[in-house]
Amino acid sequence: MNRNNFWRNLVRYHTLLLMLLPGVLFFILVAYIPMAGIVLAFKKYNYNDGIFGSPWNGFDNFKFFLQSGDAWDVTRNTVLYNIAFIIVNNLLPIIMAILLFEVAKKWFRKVIQTMMFLPYFLSWVVVGAIAYNLFNYDFGLVNGLLRGVGMEPIDIYNTPAYWPTILVIVSAWKAVGYGSIMYLAAITGIDTEMYEAAEIDGANVFQRIWKITIPNLLPTVIILVLLAVGNVFRGDFGLFYNMVGNNGLLFESTNVIDTFVFRALTLTSDIGMSSAAGFYQSILGFVTILAANYAVRKYDKDRALF
Amino acid sequence: MNSPLITTKQHQKLLSKRVKRRDRLLLNVIGYTSLSLIAMFCLVPFLLVLSSSFTSENSIIDKGFQLIPSDFSTEAYGLLFKYPNQMLRAYAVTISVTVIGTAVGLFLTSMTAYVLTRKDFIWRSGFAFFFFFTTLFSGGLVPWYLLVVNYLHLKDTLIILILPMLLNVFNILVMKSFMSSIPDAIAESAKIDGAGDFLIYIKLIVPLSKPAMATIGLFIALGYWNDWYNALLFISNENLMPLQYYLYKMLGNMEGIRKAMLLSGVVTNVSLPTESLKNAMTVVAIGPILLAYPFIQRFFVQGLTIGSVKG
């Protein structure tokens, strides 16, 4: 009976199923087969035996990863950077969106939006090149300005301590336009009657922002932040790799799990350890995103991912 | 003390109006200033690159990168276009990858999204979860790298620059939420007239989804244009380097360029305007994006607005 239904549906929906086929094959190839490949983390990989034929070696790869001394550094960096990005890249766009909504004449809003959105369109390679123009010791604009006011230039590319600040600023630089537009759309969606009512009651603009705009924006903010928290173990490879490159001097303060895995794979061809680190990241990421979704679900069932 | 001509109530009203005007003014001052500052902060670093690319090398070495060229020069561009072969090849790779990837990607994204909007399709939620799960859990870089290199043997092929970015779950969801707003009645009446599912998709849904197609298409195209990551992983053949990866290579390897140029006889002296050349290359790599930006920007704004409404 059940089986009969299955075949009947197969015939009935054959066109729709055929239309889905390319997409399904695509995700099997780029996502599900690599998922099965996580067994590599428990194997001593060699080229001849392949992913599934190579001998098991238990937790040796993980032991190696944890004892390398980098595990804690890269985890801490990944999480702390992401937390900083979440705070700055939400707070700044929210402020910008409120101001755009409140003060801007239409032409001014357009101009500002166009200027702020530009960095979003540039590749990370270009961003890396721009950063070089700003921070280079000999010719960079920052040091040019410092020299101009008679201060000592600073050797940014050889000083790890500057990088957390720089990376947060660069990330905000690229993200502020995108975020502002998204939050502006949310503000535009707020019922205008509320504003009119506040006006009649004699509220000033700041009271209006504080009592109407922000509370109405809060649900969107909470959802976006929670979802971002779900990705707190995923580093932004493009940002870190192009800003820092393979400049080992800066690794201590800039190495995240993603760059660590990439370097272990490409520079030292350490398949075992890099796949152990990747597995570690996938599991942590999976758990946090489930937790984040659980929190979203508690807060507002309709906006949960699943 | 009040003037007898004005009642207390009127007085209060006037007062509140003045207060209101004052807080408006304050907000305007804060708003216009901080918006302008942030907008400048976004634009200035980019202008610095543009200006540096038009500055003579000597001036850069003397005074560093400046926002307004103190010694205007097109030397870097001249040199770049004197030896354009590699750059043109990189352009050709990027353009082919972008065109093919966007066309195929947009077709697959919209077709997949359409099936997922069909409420009568009984396995709809099952497939939706199949796609969605890939955003929750991933096998990571290493298995993917080995799959491509050792099993699919796609290292140093154009395919590997196109394939990984054809589809992504975010685009499918945005497209799906847009298509969900198309009334079911349209597809149903076509069905009664005997149209098949694929025909309905091509003849009815695609034309009705034009705004979303334009937006998603541009998102896909921008992704391909700016991609350097797949090349970093899988391309070592110089003839297959896309533009951004070529720029990445060149920025890190000015010495190599100098040697290549010396060998080919483009430059005869030993020194090369390295710094201005780097900037000129960056500007050329941004190239078309910059020209198209004012026109395409609104589609992205539109896309973000569609995307923020969850369907």
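Analyst: Across the interface of domain 1 of chain A and domain 2 of chain A, the rule finds 0 salt bridges (a side-chain nitrogen of Lys or Arg within 4 Å of a carboxyl oxygen of Asp or Glu). The model is predicted, so local features need pLDDT of at least 70 and side-chain atom pairs count only at pLDDT 80 or more, while totals for chains, interfaces and linings use all residues. Residues are numbered from 1 along each chain as its sequence is written, chains are lettered from A and ligands numbered from 1 in the order written, and side-chain values use heavy atoms, without hydrogens or water.

The two domains of chain A, with bounds from an automatic or database domain assignment, are domain 1 (1–58) and domain 2 (67–303). Their C-alpha centres lie 34 Å apart. In contact (heavy atoms within 4.5 Å) are 5 residues of domain 1 of chain A and 4 residues of domain 2 of chain A. Between them the domains bury about 450 Å², 84% of it on carbon and sulfur atoms; buried area is the accessible area (1.4 Å probe) that two parts lose on being put together, summed over both. By class, the side of domain 1 of chain A that touches domain 2 of chain A has 5 nonpolar residues, with no polar and no charged ones (Ala, Val, Leu, Ile, Met, Phe, Trp, Tyr, Cys and Pro count as nonpolar, Asp, Glu, Lys and Arg as charged, and the others, Gly among them, as polar).
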